[in-house]
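Colleague: Before I rely on any label in this model, I would like to hear the criterion behind each one. Could we go through them together?

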Amino acid sequence: MKFICLTVLIISGATDSRSEQYEVVGPVYPVFAVAGEDVILPCSVKPNINVVDMRVEWNRPDLKDSQLVHLYEDHEDRNTDQIQSYRGRTKLIHQELQRGNASLKLSSVQVSDEGRYKCFIQSKSWSDDATVDFIVEVVGRLPVITVDGFDDSGGLHLQCESEGWNPEPVLEWLNSEGVSLSSETTDTHRNTDGFSVKHTITIHHSDKIHCRVRLRHHMLEAVIISSSNMFHLWRASAILFSVVVVLSGFAAILIAVFVHEYRGKILVFELESRVLFISQSTNSVQQWCFVSKSQSYYFIIY
């Protein structure tokens with residue numbers, strides 16, 4: 001009889017243990033939110049059993065120091081050891097715990113909130129966890145287009161730059177018909193303000209050019225109209241520059257001829273002290289020796 005009772009108790013305990021088994025489920029894809037907004041980080045159990053009596057812990061395994069984001073235990077929130085930056089910004093909906101929903105509400109999202117989160121749910125005989133990747137979006141500054149001169153063929157260099165994005169945005173050039181234009185140079189870097197992007201292109205005819213910066217469903221755009229007058233100005237500048245170069249060349253030749261004809265005939269020296277001039281001619285070479293109070297100079301002029 002005792003053996004039968006013990007067997008029944010073992011079977012009953014095993015059945016209860018199996019009945020508490022569940023799977024903690026998180027989102028398949030990363031969760032996105034714009035800085036300053038509120039966000040829900042999904043976490044639930046399957047099957048949808050009541051988790052009110054269980055321990056629900058949210059933490060940040062990607063951080064080295066204190067990792068606790070939110071703790072629910074013994075029917076109440078226990079956030080004494082919570083990360084300081086999360087104080088007053090996290091919340092579990094206790095009514096949802098009855099339906100197996102342990103999602104975390106995070107208010108006033110900050111860029112520092114971006115990272116990997118773990119939702120851990122523990123009963124008396126079972127535990128499981130799921131991870132949530134969270135990305136904080138920051139919309140950067142309006143792109144700025146600048147004219148960076150002309151190339152040798154008359155092409156107009158345009159540069160577009162935008163700063164302060166997170167994560168890295170996509171910058172593209174479009175013409176007036178919406179056709180994408182290939183960037184010639186690209187530069188992307190990240191600092192404390194977020195990602196900065198800078199692209200350049202060269203155009204050879206007048207058009208309406210768009211610089212568009214996109215981040216998922218966010219988009220900022222700047223427009224520049226390259227008129228024919230800009231290209232006429234470049235041609236006029238190029239012609240004027242050529243004339244100046246030619247005239248400068250002629251002037252240099254004239255100066256060289258003048259110096260060649262008159263060198264040795266005109267000699268000008270500015271000395272601060274009295275100078276003694278001594279001249280001596282030997283064959284076709286005339287030697288001049290200049291002696292001052294402080295130092296001597298010796299020249300041979302042919």
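Colleague: Which residues does Asn59 touch, not counting residues up to four places away in sequence?

Modeller: Asn59 touches Gln67, Leu68, Val69, Arg116, Tyr117 and Lys118, where a contact means heavy atoms within 4.5 Å. Please keep in mind that this is a predicted model, in which local features need pLDDT of at least 70 and side-chain atom pairs count only at pLDDT 80 or more, while totals for chains, interfaces and linings use all residues. Residues are numbered from 1 along each chain as its sequence is written, and side-chain values use heavy atoms, with hydrogens and water left out.

Colleague: Why is Asn59 called buried?

Modeller: Buried means under 20% relative accessible area, exposed means over 50%, and partly exposed is in between, with a 1.4 Å probe and protein chains only. Asn59 has 6% relative accessibility, so Asn59 counts as buried. Asn59 lies in strand 5, residues 55-59, strands being DSSP runs of E with at least two residues, numbered from the N terminus.

Colleague: What makes the pairing of Asn59 and Glu57 a polar contact?

Modeller: The side chains of Asn59 and Glu57 are joined at 3.2 Å, and the rule asks for a pair of N or O atoms within 3.5 Å; within protein, one must be able to donate a hydrogen and the other to accept it, and residues adjacent in sequence count only if both atoms are side-chain atoms.

Colleague: How many aromatic pairs does the structure hold, and what makes the one between Tyr86 and Tyr117 edge-to-face?

Modeller: There are 2 aromatic pairs. Rings of Phe, Tyr and Trp (its six-membered ring) pair if their centres lie within 6.5 Å, and planes under 30 degrees apart count as stacked, over 60 as edge-to-face and the rest as tilted. Tyr86 and Tyr117 are 6.4 Å apart centre to centre with 90° between the planes, and the pair is edge-to-face. Tyr86 sits in the loop between strand 7 (76-77) and strand 8 (90-92), whereas Tyr117 belongs to strand 10 (residues 115-122), 31 residues apart. Tyr86 is buried at 1% relative accessible area, and Tyr117 is buried at 0%.

Colleague: Why is the pair of Tyr117 and Phe134 called edge-to-face?

Modeller: The ring centres of Tyr117 and Phe134 are 6.2 Å apart and the planes stand at 70°, so this pair is edge-to-face. Because Tyr117 lies in strand 10 and Phe134 in strand 11 (residues 127-137), the pair ties together parts that are 17 residues apart in sequence. Phe134 is buried, at 1% relative accessible area, and ring pairs link Tyr86, Tyr117 and Phe134 into a cluster.

Colleague: How do you know that Arg60 lies over the face of Tyr117?

Modeller: A charge sits over a ring if NZ of Lys or CZ of Arg is within 6 Å of the ring centre and within 35 degrees of the ring normal; Arg60 is 4.9 Å from the ring centre of Tyr117 and lies over its face. The charged end of Arg216 likewise sits over the ring of Phe32, 4.1 Å from its centre.

Colleague: What makes Asp74 and Arg78 a salt bridge?

Modeller: The term requires a side-chain nitrogen of Lys or Arg within 4 Å of a carboxyl oxygen of Asp or Glu, and the closest N and O atoms of Asp74 and Arg78 are 3.7 Å apart. Asp74, at 53% relative accessibility, counts as exposed, whereas Arg78, at 35%, counts as partly exposed. Arg78 also meets Glu76 in a salt bridge of 3.0 Å, N to O. By this rule the count comes to 12 salt bridges.

Technical notes. Helices (H or I, at least four residues) and strands (E, at least two) are DSSP runs, numbered from the N terminus.
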